[in-house]
Amino acid sequence: MTRRRFPVRMAAPALVLAPLLLIPAAVPARAAPPAAAIGPTAATLGCRLYFNDAGTGSSPTVWQDTFTLTQSPAEPKVGDTVTVTLTAPTGPDNGPVGLNAGDVPVNVTLALGGSLSGSATLRMSSYPARAVAPAEPLGPITATGTYFAAAAGAATLTVGRVTFANASATTHCSAAGDRDHKAAPVPTSIVENFTVGGTGTATPPPSPSASATPSPSASPSPSLPPSATDDPPPTATDEVDTPAQPFGPKSVKLNCKTLSSLSAWTATHTLSMSPSNPGRGAKVTVSLKFSAGPKSGPVPVGAGDLVPKATVKVGGVGSGTVNLKGPAYGAIDAYAALPGATLTGTYTTSQAGLVSLTVTNIVFDHPQVDTECNAGADPVAGPKETSIVAKFTVKSRAATNDEGEGGGNGDGGGSLPTTGEGGVTTLMLLWSSAALLLGVGLVVVLPRRRRLLRG
């Protein structure tokens, strides 16, 4: 993409013509200067996918976009807390499976150089802004953070690494090229040069809002050493991002019952949540994915007649239930294995602390006959909670705008506008080949009326 430059227009003082002399007109009070910026500038980043944010990464891909790095105040002075924003209008491309809004929080690590040292972290806690279909751009990015201007002199800001922090399929990006972008990121070409005004050095206040702790020692050029893979320590206004504990992907055996027929169902399940470190009052999306459903019974199922649903119990500092729902299945032949599915729902956090999510029941909802699956020997007469349990931490701060509002405990979750499997476990990149454990169960469809479950 071509680099665009936007001219900066300066207002000149007006002059009023008077006999024999020029009298300057009254000059209004000086407005605050605009924020300094680098870009828009085209850049190419390299990325790798990390399942559960582990290993050295796989499925390398390229992200091409136009980036703008802005800071305010435009001319920082020693002792200022400076706000930095990175924007990208397009975002990387989604992978072959749709994503829900807010599934992929964005973290950007900046290296401070020149008269400054240390790092800063920019965040966009809820991304993408909308549900995104497979192979489509994820959309605009605006990540914001702060640093403390501790020393005067020429300084630089360098984007070192961008992380798309999906709990099940995290993606790390740095400078172009294929490498382990998590453990060995290379600084990008997105660099801003500026000058910190004033003289001497300053010590950050006791309760700074800066997300980095720079020191006055000089560094001739910015760097992002391989060991700098973690965010900077939190301050009094920025609590620790406690790692979430999603469940799976893991093989789970459940029991299912349709009318009086009992059967076993084994599949690979993944239970996750987003955002994974929300504030109080945040709207959290809960997602359950399984690799394959039980087998259908001797009667074919019409398209749209069978809908997978699940109930998730909220424990820890939370309480209540979350009802999950997936897209309706298409037509299913007799004795055919049901495809896998992703079920989603939302609820609103309340107290700060550790929250647990436990899948208590999975239902294949049909207008005539339900099939219920859980860990009970008789899933209907003696239901038992499953071993599918995930945990995450709610911060003591209030929810940000990016984390959304409303949603209410236990409200039903919508599904993505795509059919089949979809959800939060795929981000931007092609999946590596994986063996799916196909379950064997029994979904019997008979012409008998029953109660309707509301999800």
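Colleague: Which residue stands opposite C373 in β19?

Modeller: That residue is I362. This is a predicted model, in which local features need pLDDT of at least 70 and side-chain atom pairs count only at pLDDT 80 or more, while totals for chains, interfaces and linings use all residues. Residues are numbered from 1 along each chain as its sequence is written, and side-chain values use heavy atoms, with hydrogens and water left out.

Colleague: How many bridges join β18 and β19?

Modeller: Three bridges join β18 to strand β19 (residues 371–374), in the antiparallel sense. Two strands pair if DSSP finds at least two bridges between them. Strands (E, at least two residues) are DSSP runs, numbered from the N terminus.

Colleague: And how many residues lie between β18 and β19 in the hairpin?

Modeller: The hairpin formed by β18 and β19 has five residues between the strands.

Colleague: Which way does β15 run relative to β18, parallel or antiparallel?

Modeller: Strand β15 (residues 307–316) and β18 run antiparallel, joined by 10 bridges. G316 has V355 in β18 as its bridge partner.

Colleague: What about β20 and β18, how many bridges there?

Modeller: Six bridges join β18 to strand β20 (residues 389–394), and these two strands also run antiparallel. Here G353 has V394 in β20 as its bridge partner.

Colleague: How many residues of β18 are buried?

Modeller: In strand β18 (residues 353–365), 12 of the 13 residues are buried. Buried means under 20% relative accessible area, with a 1.4 Å probe and protein chains only.

Colleague: Changing topic, how many aromatic pairs are there?

Modeller: The count is seven aromatic pairs. Rings of Phe, Tyr and Trp (its six-membered ring) pair if their centres lie within 6.5 Å; planes under 30 degrees apart count as stacked, over 60 as edge-to-face and the rest as tilted. One of the pairs is W63 with F164, edge-to-face at 5.5 Å centre to centre and 70° between the planes.

Colleague: Where in the chain are W63 and F164?

Modeller: W63 is in strand β4 (residues 58–72) and F164 in strand β9 (residues 151–164), so the pair links distant parts of the chain, 101 residues apart. Both W63 and F164 are buried.

Colleague: Why is the pair of Y127 and F164 called tilted?

Modeller: The ring centres of Y127 and F164 are 6.2 Å apart and their planes are at 40°, so the pair is tilted. Y127 is in the loop between β7 (119–124) and β8 (141–148), 37 residues from F164. Y127 is buried too.

Colleague: Which residues form the aromatic cluster with F164?

Modeller: W63, F67 and Y127 form one aromatic cluster with F164.

Note on methods. Helices (H or I, at least four residues) and strands (E, at least two) are DSSP runs, numbered from the N terminus. Buried means under 20% relative accessible area, exposed over 50%, partly exposed in between (1.4 Å probe, protein chains only).
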